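Subject: Structure handover

Hello,

Here is the structure for you to look over. Notes on what was found follow below it.

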Amino acid sequence: MIGINEVIETNEMIHKLNLDVRTITMGISLLDCVGADVKETCDKIYEKITSSAKNLVKVGNEISDKYGIPIVNKRISVTPIALVGGSVCKTEEDFIEIAKKLDEAATVCGVNFIGGYSALVSKGMTKADELLIRSIPKALACTGRVCSSVNTGSTKTGINMDAVKLIGEIICETAELTKDNDSLGCAKFVVFCNAPDDNPFMAGAFHGVTEADRIINVGVSGPGVVKAAIEHARGENFEVLCETIKKTAFKITRVGQLVAKEASERLGVPFGIIDLSLAPTPAVGDSVGEILEEIGLEYAGAPGTTAALAMLNDQVKKGGVMASSYVGGLSGAFIPVSEDQRMIDAVSAGALTLEKLEAMTCVCSVGLDMIAIPGDTKATTISGIIADEMALGMVNQKTTAVRIIPVIGKTVGDKAEFGGLLGYAPIMPVNQYSCEKFINRGGRIPAPIHSFKN
Amino acid sequence: MKKTIITVLGKDKVGIIAKVCVYLSQNNINILDIAQTIVDGYFNMMMVVDISEASKDQSRINEELGDLGDEIGVQIRAQSEEIFNMMHRL
């Protein structure tokens, strides 16, 4: 029988320390939705999404009620649209029609985001891939819930530098088209290296082609719980600290496993994976930056930050892996700047720079996330930042990503306001030296030597 | 059997248990066990109940227990026992 102290501990985690299940994401394959023309394809997509996910929000709320645990987001990910629309979309506008249909389907299902307006171009771009990528700025400007991603590199294929160059321009264009909202469109777009097929977190979620027809993936969170647990390990050595984080991660992940199994049963959709991530929100006490401070750093970004983060990330995985039957997605600590109050504070204090964040992304999931930069940053500079991040992922055989927002009309010293879960961010300075000749070379960077394992 | 844990948290006063028990009996919910403790000056009570024969569904029970808590001036929650088992038992 469960004891009263265990019940109190769980409820304190939920009510005082912001423990929640961050997202239940239903992955839906749209490969069987290709029609004779754009309209028929759109209709089939709409029908499949709305019939598959019609009960997603309702079931999420019922499970939340049953266990007394908040399930913050219910979301949908779909097959990369460049693949689905490839045969029928002949223009950018054709792809934008699909984006609008996805938005409509998401609204009807009551989910706050739908991911998968994506292209996988780690080695090369088909005509359809390129059309989709070029349509991203308009698609993100004219929809509210659609999220987009492009995979531009992998350890096995190297980096598609043509795509990286193009993405730099696309990000600038997206920023321009959504400048009235602090270039919010860019917050719904991620560029990846080694993108996972089963990531439940936005903006980078898509339903990979290796997946089943439909699948339930769950993302857990709980930075506040980890922070509170390690308060009890103040002054203790690393062994004690690591044990504390592992035990806490185990408990957090078990809740995710419970919710995932139940959602899968109730929806009649197979369970895919649990994504063991520490995902912060702008709420006080729900911050990865705060954990780093509790570990012993004055601010995130101080010397020692990369080591502390590497240790944290590893312990979260070690604790979480045993708690779930299948682990996947991104699984690690997220370090988005705008969505984490203590990261924002660290940037404002001058403790955390873009270069330090880049180093931190070598040891955690995922990458440069929700970073606001001056609106007049050159497209080639953005491509250079992306190329660096892709190289880290390619060589270290991990997922890396960039979600960067050149905020039109703002510069260092200003703030960008994105609202809600996306938070706000101080504009960070960017290295002013040019990488134009490097980016303009074109072609691709070959796969690294250690990828040849056959 | 559908075991559910009802927790009551707040300042101690006369009649908390009585009022919760009246609600449970009116809705055909059987009490299996009760434990209580004081943490940081707050009254914490845990009841293990069986809601398999309850006359209402769980979301309704949660809502009404919440309202009852507001009336008494304490927080009352009902959660399926599984969440605690998953977290605290291998």
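How many residues does the contact take from chain A and from chain B? Chain A gives 19 residues and chain B gives 22 residues. Please keep in mind that this is a predicted model.

On the side of chain A that touches chain B, the elements giving two or more residues are α1 (4–15), α3 and α9 of chain A. The most comes from α1(A), with six residues. By type, this side of chain A holds nine nonpolar, four polar and six charged residues.

Two of these elements, α3(A) and α9(A), also pack against each other. Helix α3 of chain A covers residues 56–67 and helix α9 of chain A covers residues 238–267; their axes come within 10 Å and cross at roughly 135 degrees. That angle makes α3(A) oblique to α9(A). The crossing is right-handed. From α3(A), the residues in the contact are A:Leu56, A:Val59, A:Gly60, A:Ile63 and A:Tyr67. They meet A:Leu258, A:Val259, A:Glu262, A:Ala263, A:Arg266 and A:Leu267 in α9(A). The residues of this contact divide into eight nonpolar, one polar and two charged.

The contact of α2(A) with α5(A) is made up of 10 nonpolar, two polar and four charged residues.

Which residues touch the most other members of the largest nonpolar core? They are A:Ile76, A:Ile114, A:Ile216, A:Val255, A:Val259, A:Ile404 and A:Ile405, in a core of 176 residues. The largest share of this core, 11 residues, comes from α9(A). One of the residues named for the core, A:Val259, is also in the contact of α9(A) with α3(A).

A:Ile114 is another of the core residues listed above. Leaving out residues up to four places away in sequence, A:Ile114 touches A:Arg75, A:Ile76, A:Val78, A:Leu102, A:Ala105, A:Ala106, A:Arg145, A:Val146 and A:Cys147.

Regards

Terms used: Residues are numbered from 1 along each chain as its sequence is written. Chains are lettered from A and ligands numbered from 1 in the order in which they are written. This is a predicted model: local features need pLDDT of at least 70, side-chain atom pairs count only at pLDDT 80 or more; totals for chains, interfaces and linings use all residues. Axes are lines fitted to C-alpha atoms, for helices over the stretch in contact, and angles run from 0 to 180 degrees between N-to-C directions. Helices (H or I, at least four residues) and strands (E, at least two) are DSSP runs, numbered from the N terminus. Angles under 35 degrees count as roughly parallel, over 145 as roughly antiparallel, 65 to 115 as roughly perpendicular and the rest as oblique. A crossing is left-handed if the near helix is turned anticlockwise from the far one by less than a right angle, and right-handed if clockwise. Two residues are in contact if their C-beta atoms, placed from the backbone, lie within 7 Å. Ala, Val, Leu, Ile, Met, Phe, Trp, Tyr, Cys and Pro count as nonpolar, Asp, Glu, Lys and Arg as charged, and the others, Gly among them, as polar. A nonpolar core is a set of buried Ala, Val, Leu, Ile, Met, Phe, Trp, Tyr and Cys residues joined through C-beta atoms within 7 Å. A residue is buried if 20 or more other C-beta atoms lie within 10 Å of its own, exposed if 12 or fewer, and partly exposed in between; C-beta atoms are placed from the backbone.
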